[in-house]
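Please work through the following exercises with the sequence and the model at hand. Each task is followed by a solution in steps.

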Amino acid sequence: MKSDFADETYFSAAFPLPFRVLCLVGLGILGWATNLHGLHIWRIDAAGTLDLTPSTYDARRLTSPLPTADRRGWRHAPAPAPPHRAVYRVFATYAGWTLACWLAFRVATHEDVALVDRYKFVPALAVLFVLTALVCPFDVLYKHERDRFIQAVHRCLFPSPHRVYFSDVVFADIFTSFAKVLGDVWLSIWMLLPGGSLLSQPSQEGLSRWILPTLMSIPYAVRLRQCLVEYNAPANESRRPLFNALKYASSFPVIYLSAAQRLVVSDVVAVQGEAAARQPWHGEHQLFRLWLLAAAFNSLYTFWWDVTNDWGLDLLRPKHSGNGPIRSTAPPRPLLLPRLHSRSALLKHPETSKNDSLDEPIEHHVTYANAQQGPHPYGLRSTLLFPLPVYPFAILVDLVLRLTWSAKLSSHLHSYSEGDLIIFWIELAEVVRRWMWVFLRVEWETVKEAEAHAPRSPPQRAVHLDRGDSYRDTILEQDDFEMVPSDASGRGSEAG
């Protein structure tokens, strides 16, 4: 007998679509856990950047500079556990249940295609248990993590009209990589219902042909709305969210023109006969060429946006533009006795040379441990928190996998029964691409935050930050302090 994976029929029998959906969801959970774990290993404050632990800042900063009855001097509050540990536990439980159900299905069917539909209640029970556990109101099965996931979904579907959190942006972007999986959920439901079959996809005729592309477009509609909320925010002065919205809007023509390709097939069959219906290429039809143009624009535009805006790299950035100054929304720190108006002596820092001019500005910046700064290779940026080879590899992989975007979003390509295995590998590759994308996206956001909130006044020396600390935890070193004459009572004199 041929291998299960050598023939599409045996592939569908050995690994039906409902189990493929569960597998991709499980890989998404594992990918998120490894994202958080990898960023933690590289000492990038992902939990602080994504606001995953609201108490992170309060737990890691110094509590009080003054002694009290219970403590003497400075002390640290205990830091919370890294969030990736809980996600790993969720994945282990989820993977154990899914694997057990799949093995039970394989044992029951004995690799017999005729028994597949008889035991299709096994994947149905597997999916039903996962959905029940997700909405279970009892404090079991990692309720804290489940609640946070449901809250994130609610914020994405019903966002605030005034603010969009960065964690919701990342979550919604990950959601777009599961657009085809969302369509597979719809197909799996029809396969598991009475009258359906795990060996063939349900027919989509009439208005039902538009249900699948509509479900696949939901993640892009969510992300599009987030971009419009950012653009209409009172504090926004940039058109960048509008161009970002264009990126997600360009996905809709790909999705719906793909659904309209059935009209193309009907026209081609009327001219060339039934044999032409099995051919995926119909370049002579205008509607097909329009879909191809929309897919090419979407793939190239999203790739350019990934490299230039989501990762902050200079490879595809016009020469006359740069990262530019980052506008901080936080008010500047108040100046304490500015020396510009000082008429008294200054208490100089011991390391300051006597020849230094009082009016010479002192540069200030924030650096990261083991960060690569200064002159950078062509196409990258000045601050790199990962090893140098990571960036060209990520760019190349992102380009190749972005070019498969049209196949992932094109439902008409999935109607060919011989393409189940290929489509599954494309979906898997998209999950891997998004996993890689998260690392560089969070890294770039962390760098931007550190640069945007670098103190601007009073002038300070460069402060070396450990990458495990955020910019908010830094105790900055003041260069100069002004000595103010005072009377015996300790009040400042008028001379100061």
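**Exercise 1: Two crossing helices**

The axes of helix H7 (residues 143-157) and helix H8 (residues 166-176) approach within 10 Å and cross at roughly 90°. This is a predicted model, in which local features need pLDDT of at least 70 and side-chain atom pairs count only at pLDDT 80 or more, while totals for chains, interfaces and linings use all residues. Residues are numbered from 1 along each chain as its sequence is written, and side-chain values use heavy atoms, with hydrogens and water left out.

Task: Determine how H7 and H8 are oriented to each other, and which residues make the contact.

Step 1. Helices (H or I, at least four residues) and strands (E, at least two) are DSSP runs, numbered from the N terminus. Axes are lines fitted to C-alpha atoms, for helices over the stretch in contact, with angles running from 0 to 180 degrees between N-to-C directions.

Step 2. Angles under 35 degrees count as roughly parallel, over 145 as roughly antiparallel, 65 to 115 as roughly perpendicular and the rest as oblique. H7 and H8 are therefore roughly perpendicular to each other.

Step 3. H7 contributes Phe 149, Ala 152, Val 153, Arg 155 and Cys 156 to the contact (heavy atoms within 4.5 Å), and H8 contributes Ser 167, Asp 168, Phe 171 and Ala 172.

**Exercise 2: The surroundings of Asp 310**

Task: State whether Asp 310 is buried or exposed, and identify its contacts.

Step 1. Asp 310 is found in helix H14 (residues 286-310).

Step 2. Its relative accessible area is 5%, so Asp 310 is buried. Buried means under 20% relative accessible area, exposed over 50%, and partly exposed in between (1.4 Å probe, protein chains only).

Step 3. Neighbours within four places in sequence aside, the residues in contact with Asp 310 include Arg 240, Lys 247, Trp 437, Leu 440, Arg 441 and Trp 444.

Step 4. The side chains of Asp 310 and Trp 437 are joined by a polar contact of 3.3 Å. Such a contact is a pair of N or O atoms within 3.5 Å; within protein, one must be able to donate a hydrogen and the other to accept it, and residues adjacent in sequence count only if both atoms are side-chain atoms.

**Exercise 3: The protein as a whole**

Task: Describe the secondary structure and the extent of burial.

Step 1. The protein has 17 helices and 4 strands.

Step 2. Of its 496 residues, 42% are buried.
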